[in-house]
Amino acid sequence: RRKLRSDVAAAFPNLSAEQLAEFIPNKEELNVIKIYSHKGEAVTVYMNHRNPILFEVEKALYPTVYSLWVYPDLLPAFSTWPPVLQKLAGGADLMLPGVVVPSSGFPQVEQGTLCAITLLGNRAPVAVAVATMSTAEMLAAGMKGKGFAVLHTYLDHLWEYGDKSYPPTLAPLVPDCAAEEGAGDEEEQEGKEPVNSFPPDPVQHVDIGDLSLKEQDSCAELLGKEEFHENRAAEPAENASTEDQQEPEDSRTPQEQMDALFNQCFFHALKCKVKKSDLPLLTSTFLRSHMFSCCPAGQQLDIKKSSYKKFSKFLQSMQNLKVLQVKELNKGVESIVEVDWKHPDIKAFAVPEGFSSASAAQDSKNEDREQVYHAPEIIPLYGVSTRMVPLFQESGHRKGSILSSSEVRNIIINYVKTNELVDESNKNFVKVNAILCDCLLDKSEQDEISHLQWDELLSRCLEQLQPFHQVTFFGQEPVVRKGNIEPINITIAQRSSNKKVTIIKNLELYGLDPQCVANTLQLKVQASATITPVPGAKDRVQVQIQGNQIHHLAKMLLEEYQLPRKYVRGLEKAPKLGRKK
């Protein structure tokens, strides 16, 4: 930890002693993990508060976006247009035509300088990159060519290792349009070299032809706003005072505005989209298929920017107002089971202009035609059991610590190498010491086995750990549950008169609404489908449809819903296709 602090101080000399102590704390837990990039490069990642704060490649330290949101001035920053972020997150480097030239000029950097990339209007960095040329060379090249080699961005896999939070909104230190002249005066007073070589208008340096059509629209809109602000600054003081009087129309904070937007979309969805026959309705389906479509054009629902932070807390507040009732029909899967349609807030809600009940119903139909379902991301996890504690305590993990398979693999490899257990005569084998013997071998094997192959060592280790899994539904926080996730179970049952029915269970665990699945199947195969309680299980339902419909189910679950085959059991019971005699 002391060495890391000195390395950070050497890499980022503008950090104060207090900031350094806060950055690399003494008493808080600091974890180190090793990951591999798609090129095969080993990357060491330092984790604090469950967020990656630094990563090290070839003995060079780099801050993550999580660290730069706390210390936004740690690196010299360059701005780009918001639409460019999608390209950067996809692995592209930042080209100079996409860099915005501020009126105050670029920061002076040399080739190879580590820089932060921000979006226009927000000082919070969204990428870490290395300059491929100096500031002077960028200007001399006419702002053409590659300017920055991007190492890490918001929304990439390294960002996903953390809490997946969004960039904060940080206002620019000096608004360009308001302080152009003031900044120039200050530089002349301080005796610095004037920056007349930087054109005041970003249009001169942005080659619009190099951006996509969507980016052109965004750039034009942003540039239009800048020109508008500049023209407004030149207007007489009387006009400015009248505008100041008009501006406080919406004095609410961004958080209060997001709360109001959630309330509006919530009541709009209940009034125009949800019917009694839709209940029980998965909360994830309600948010994704109903509330999102009620959001006004140009706005976007983001629960993390509201005061609730989680959609479940928002629904809990509505339940406290007795608008609806939410129940956990399965562990970790909540559904809306009842709505008070006579509630005064629902009755009093007026549909905003531009929306109507008919258009809302049409939107709902269009959404049903489109594939709005997103298969959840399911990650197997492993908990450190009592028996395995001696093997994992060297890496700082205790009983109950939850790890991914790659983390388990790295811990075992590091343990073997640290204790020099690799067999010198055959490196495919590992010597079994006392701790490995106690943790991984049965009593009958302890006197017989002295070496294990790498694969067997790792598989035995995973078998001895407690199974967990993490499920992340679209637009929701990850949920960690004990045990392995139950697959969607498809069975064929015999009924009277030799009739067969297909029964599907556990759809809710994957964010699928059983009623929607039943309705879709009913239309596809033209057979009656019903929802029935699961025998012997409280608050669990199953879909039952006439005939052996496994072929249709397989196509729907695997192709349309994109669920991995390993999470669907019973597909082998499909009827064999052949000629009927």
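Salt bridges to begin with: the count in this predicted model comes to 6.

Asp73 is partly exposed, with a relative accessible area of 47%.

The next pair is Glu445 and Arg460, with the closest N and O atoms 3.1 Å apart. Glu445 is placed in the loop between α17 (434-440) and β17 (451-453), and Arg460 in helix α18 (residues 454-464), so parts 15 residues apart in sequence are tied together. Glu445 counts as buried at 17% relative accessibility, and Arg460 counts as buried at 14%.

Arg460 has another partner. Glu456 forms a salt bridge with Arg460, and here too the closest N and O atoms are 3.1 Å apart. Why are Glu456 and Arg460 separated by about one helical turn? Because they are 4 residues apart in helix α18. Glu456 is partly exposed, at a relative accessible area of 33%. Through shared partners, the salt bridges join Glu445, Glu456 and Arg460 into one network. As background, side chains of opposite charge can pair when their charged atoms come close.

Now the aromatic side chains. A search of the whole structure finds 15 aromatic pairs. One of these is Phe23 with Tyr71, a tilted pair at 5.5 Å centre to centre, with 55° between the planes. This pair links distant parts of the chain: Phe23 is in helix α2 (residues 17-23), Tyr71 is in the loop between α3 (65-70) and β5 (77-80), and the two are 48 residues apart. Are Phe23 and Tyr71 buried or exposed? Phe23 is buried, with a relative accessible area of 3%, and Tyr71 counts as buried at 9%.

Next, the nonpolar cores. The largest has 31 residues, and those touching the most other members are Ile488, Ile490, Tyr510, Leu512 and Leu557. At least two residues of this core come from each of β20 (488-494), α19 (514-525), β23 (541-546) and α20 (550-560). Which element gives the most to this core? That is α20, with 6 residues.

Tyr510 can be looked at in more detail. Leaving out residues up to four places away in sequence, Tyr510 touches Tyr373, Pro376, Ile378, Phe473, Ile485, Glu486, Pro487, Ile488, Leu563 and Tyr567. A second, separate core has 30 residues, including Leu261, Leu279, Leu301 and Val339. In general terms, nonpolar side chains tend to be buried together in soluble globular proteins.

For contrast, a surface position: Lys342. Lys342 is exposed, with a relative accessible area of 67%. Its place is in the loop between β13 (333-339) and α13 (344-348). The C-alpha atoms of Lys342 and Val323 are separated by 8.9 Å, and these residues are 19 apart along the chain.

Now the chain as a whole. The protein chain has 20 helices and 24 strands. Of its 581 residues, 41% count as buried. Taking contacts with a separation of 6 or more, 58% are between residues 24 or more positions apart. The accessible surface comes to about 32900 Å², and carbon and sulfur atoms account for 49% of that.

Last, confidence. The mean pLDDT of the protein chain is 80, and 81% of its residues reach 70 or more. Where is confidence lowest, and where is it highest? The lowest is in helix α7, residues 176-189, at a mean of 39, and the highest is in strand β8, residues 114-119, at 94. Over residues 176-248 the pLDDT is below 50, and beyond near neighbours in sequence this stretch has 56 contacts in the model. Over residues 357-371 the pLDDT also stays under 50, and the model has 13 contacts for them beyond four places in sequence.

Terms used. Residues numbered from 1 in each chain as written. Heavy atoms only, no water. Buried < 20%, exposed > 50% of the residue type's maximum accessible area, 1.4 Å probe, protein only. Phe/Tyr/Trp six-rings, centres within 6.5 Å; stacked < 30°, edge-to-face > 60°. Salt bridge = Lys/Arg side-chain N within 4 Å of Asp/Glu carboxyl O. Contact = heavy atoms within 4.5 Å. Areas by Shrake-Rupley, 256 points an atom, 1.4 Å probe, with all protein chains shown as cover. Core = buried A, V, L, I, M, F, W, Y, C linked by side-chain atoms within 4.5 Å. pLDDT = per-residue confidence, 0-100.
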